[in-house]
Amino acid sequence: HRGNSASFSLLLWAKNTNPPSLLINEISTKGSKNNPDRVEIFVTKRGNLGGVTLFAGTEQEYTDRIIFPEVWVERGDYLVVAFSKGEIATGTYRSESQAGLSANNGCLTLAVSPQWDGTLLDAAIWGNHTTQTHDGFGSRTLLEQVQYLAENGHWNSRNAGGSINSSDSTATRTMCRDTQKDTNSLDDWYICATRNASFGKRNAEERYQD
């Protein structure tokens, strides 16, 4: 008699005992071929990136992500991730699906691993402050993601008006963190002046004036 057989595979992640401290530092969500959607991460404490994951969304529900390789980074380093196709500088990481970020209303989450319950490192939420549906966030998914991030202490508001205002951002007018301020609120962020996107280096200080 021929015996029965079965096969299966499991994706396992070893615990990273030396993760760095990281902050989401610059965001572009209305990219072009010359300036694709990108996210910049600033390293505030030395560590190993192995398994650290940046989600377009949260661990529970996301449209794209990048799981970083095992590499040591130093305080003061900048990491740039392209979330859509286009011209990017050498050394830029690429997300898995290159699906692009939500232009007007969305969120990003940094976690120490790709697991659904991984420890969170940072998050950012943006909105155009004009959308009316789903409490101003435009979708039930984003509303639930915002509630999750607020419950876990990585954003201080559940209201759409408390998100980073994306309405004036463009491919070269990006959402920038203000000198590593981290109060988990829109007060940490500003829109830089036109053509002042600064991925891979210190954020431009000139601010957009409408």
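Q: How many salt bridges does the count come to here?
A: The count comes to eight salt bridges. Keep in mind that this is a predicted model.

Q: Ok. What does Glu74 meet in a salt bridge?
A: Glu74 meets Arg46, side chain to side chain, with 2.8 Å from N to O. Glu74 is in the loop between strand S6 (72-73) and strand S7 (78-82), while Arg46 is in the loop between strand S2 (38-45) and strand S3 (47-48), so the pair ties together parts that are 28 residues apart in sequence.

Q: And those two, how accessible are they, Glu74 to start with?
A: Glu74 has 37% relative accessibility and counts as partly exposed. Arg46 is partly exposed too, at 45%.

Q: What about Arg177, which side chain does that one meet in a salt bridge?
A: Arg177 meets Asp122, and the N to O distance is 3.0 Å. This pair links distant parts of the chain, with Arg177 in strand S12 (residues 175-177) and Asp122 in strand S10 (residues 120-127), 55 residues apart.

Q: Is Arg177 buried or exposed?
A: Arg177 counts as buried, at 2% relative accessibility. Asp122 is buried as well, with a relative accessible area of 1%.

Q: Which residues are linked with Asp122 and Arg177 in a network of salt bridges?
A: Asp182 and Asp188 are linked with them in that network.

Q: Now Arg202. Which residue does it form a salt bridge with?
A: Arg202 forms one with Glu205, and the closest N and O atoms are 3.3 Å apart.

Q: Is Arg202 buried or exposed?
A: Arg202 counts as exposed, with 57% relative accessibility. Glu205 is also exposed, at 60%.

Q: In what sense do S2 and S7 pair?
A: They pair in the antiparallel sense, over five bridges.

Q: Which residue in S7 does Arg38 stand opposite?
A: Arg38 stands opposite Ala82.

Q: Where is the place of Val43?
A: Val43 is in strand S2. With 0% relative accessibility, Val43 counts as buried.

Q: What is Val43 in contact with, leaving aside neighbours within four places in sequence?
A: The contacts of Val43 are Pro20, Ser21, Leu22, Val73, Glu74, Arg75, Gly76, Asp77 and Leu79. One of these, Glu74, is also the salt-bridge partner of Arg46.

Q: And how far apart are Val43 and Phe137?
A: In sequence, Val43 and Phe137 are 94 residues apart; in space they are 29 Å apart, C-alpha to C-alpha.

Key: Residues numbered from 1 in each chain as written. Predicted model: local features only at pLDDT ≥ 70, side-chain atom pairs only at ≥ 80, totals over all residues. Heavy atoms only, no water. Salt bridge = Lys/Arg side-chain N within 4 Å of Asp/Glu carboxyl O. Helix = DSSP H or I, 4+ residues; strand = E, 2+ residues; numbered from the N terminus. Buried < 20%, exposed > 50% of the residue type's maximum accessible area, 1.4 Å probe, protein only. Pairing = 2+ DSSP bridges. Contact = heavy atoms within 4.5 Å.
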